[in-house]
Amino acid sequence: MDFEQLRAFYTLAQTKNFTKAAEMLHLVQSTVTMRIKQLEEKVGKPLFIRDKRSVEITQAGLTLLPYAERILKLSHEALNEVAALQPYEDYLSIGSLNAIWTSTLEPILKEYHYRYPQIAISTRTGHSSDVIQYLLDNVIQIGIVYVPPSLPNFDVIPTWEDEVVLVSRPGCTFITSTHIDSRELRRLPLIHMSWGPPFNEWIRQTLPRNYVPKLTVDKAELAIDLIKEGLGVSLMTRSAVKADLATGKLIEITITGNKPPKRSAYIVLPREKKNKPSVEKWLGLMKELGYST
């Protein structure tokens with residue numbers, strides 16, 4: 001498909017006005033009309049319903065819209081990647097979850113930046129599903145996730161395991177012992193974080209069927225702040241609370257009985273990118289710093 005036709009289609013879908021779309025594209029209105037007509041001829045269906053007062057997108061247009069958005073986004077990313085090579089020798093883009101960036105990857109990224117100044121780096125952050133989509137769209141070259149995908153032509157490499165530990169603020173009144181049986185978690189004000197399918201299954205087995213956490217969050221940093229403020233206790237990955245445990249801002253409560261499963265992290269990358277120098281250097285640095293690849 002013609003990029004300019006797709007750009008006209010996408011802009012008109014957003015504005016629902018030919019005049020506004022033409023202004024945004026720095027074109028005359030007749031050019032926008034012509035490009036929409038040419039695209040409609042290609043797809044064989046009307047993309048918009050027009051009258052004197054409004055422009056409404058059709059079902060065919062709604063079907064095409066997310067694909068047009070991805071194509072335009074990928075073209076933008078491709079141009080940025082090529083542009084990033086100047087004045088650098090190579091380029092590396094990495095995607096991962098916010099919790100992994102904060103707890104594990106940030107020092108690796110800093111060391112990579114200092115050690116290889118000739119390589120330009122960009123990062124992407126999202127849920128595991130977002131990171132996999134970035135890989136499929138060729139937006140990133142390396143993805144590091146907690147949920148391993150099953151994809152043809154991609155390598156999925158186990159890297160490290162992270163313990164899930166129960167932590168609280170020092171001196172909190174919720175827990176009077178340094179140990180607690182997993183069955184007693186139901187009696188605590190638990191700030192709930194989901195750490196993936198094995199952890200969620202463990203929660204279902206450990207807590208009553210009708211148990212509902214009073215507070216559920218989806219960001220590790222937020223959970224840690226709430227623990228420090230005394231709102232409750234939480235099950236966190238050790239890497240996420242390592243610094244706070246070391247400084248005494250948080251304390252660990254040992255779980256006895258049925259312990260939570262460890263959380264595994266995985267590197268995902270296209271097989272054809274595995275021997276790219278910038279990728280090899282990143283994998284080598286992770287191995288050097290103790291994250292087996």
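Here are some friendly notes for a first look at this structure, which is a predicted model.

1. **The largest nonpolar core.** The largest nonpolar core holds 32 residues, and the members that touch the most others are Leu92, Leu105, Ile142, Ile144, Ile267, Trp282 and Met286.

2. **A closer look at leucine 105.** With its neighbours within four places in sequence left aside, leucine 105 is in contact with Ser96, Ile100, Ile144, Trp160, Trp282 and Met286. Two of these partners, Trp282 and Met286, are themselves listed with Leu105 among the residues that touch the most other core members.

3. **A second core.** There is also a separate core of 31 residues, which includes Leu166, Ile191, Ile224 and Ala240.

4. **Helix α9.** Ala240 belongs to helix α9 (residues 238-247), where Ser239, Val241 and Asp244 are buried along with it. What do the buried residues of α9 pack against? Their partners are the helices α5 and α8 and the strands β6, β7 (164-168) and β11 (234-237). Just after α9 comes glycine 248, with a positive phi of about 85 degrees.

5. **The largest pocket.** Turning to open spaces, the largest pocket contains about 410 Å³. Its lining is made of 18 residues, and those closest to the pocket centre are Leu97, His127, Met193, Ser194 and Asp218. Helices α5 and α8 (220-228) are the elements that give two or more residues to this lining. By class, the lining residues divide into 7 nonpolar, 7 polar and 4 charged.

6. **The second largest pocket.** The next pocket has a volume of about 200 Å³. Which residues line the second largest pocket? They are His192, Asn200, Ile203, Arg204, Leu207, Pro208, Arg209, Tyr211 and Pro213. Helix α7 (residues 197-206) gives the most to this lining, with 3 residues. In terms of class, 5 of the lining residues are nonpolar, 2 are polar and 2 are charged.

7. **Salt bridges, and one within a helix.** The model has 17 salt bridges by the rule used here. One of them joins the side chains of glutamate 111 and arginine 115, at 3.0 Å from N to O. Why are these two separated by about one helical turn? Because they sit 4 residues apart in helix α5. An α-helix has 3.6 residues a turn, so residues three or four places apart point the same way. Glutamate 111 is partly exposed, with a relative accessible area of 29%, and arginine 115 is also partly exposed, at 33%.

8. **A salt bridge across 119 residues.** Aspartate 155 and lysine 274 meet through their side chains in a salt bridge of 3.3 Å, N to O. Aspartate 155 lies in strand β6 and lysine 274 in the loop between β13 and α10, so this pair ties together parts that are 119 residues apart in sequence. Are the two partners buried or exposed? Aspartate 155 is buried, with a relative accessible area of 17%, whereas lysine 274 counts as partly exposed at 33%.

9. Glutamate 56 is partly exposed at 38% relative accessible area, and lysine 16 is partly exposed at 41%.

10. **A network around arginine 35.** Finally, Glu4, Arg7 and Arg35 are linked in a network of salt bridges. Arginine 35 is found in helix α3 (residues 29-43). Its relative accessibility is 18%, so arginine 35 counts as buried, the cut-off being under 20%. Not counting residues up to four places away in sequence, arginine 35 touches Glu4, Gln5, Ala8 and Leu27.

Note on methods: Residues numbered from 1 in each chain as written. Predicted model: local features only at pLDDT ≥ 70, side-chain atom pairs only at ≥ 80, totals over all residues. Heavy atoms only, no water. Core = buried A, V, L, I, M, F, W, Y, C linked by side-chain atoms within 4.5 Å. Buried < 20%, exposed > 50% of the residue type's maximum accessible area, 1.4 Å probe, protein only. Contact = heavy atoms within 4.5 Å. 1 Å grid on protein atoms, 1.4 Å probe; cavity = no way out; pocket = protein on both sides within 12 Å on 5 of 7 lines; lining within 4 Å. Points joined across faces, edges and corners; volume = space filled by probe spheres on them. Nonpolar A, V, L, I, M, F, W, Y, C, P; charged D, E, K, R; others polar. Salt bridge = Lys/Arg side-chain N within 4 Å of Asp/Glu carboxyl O.
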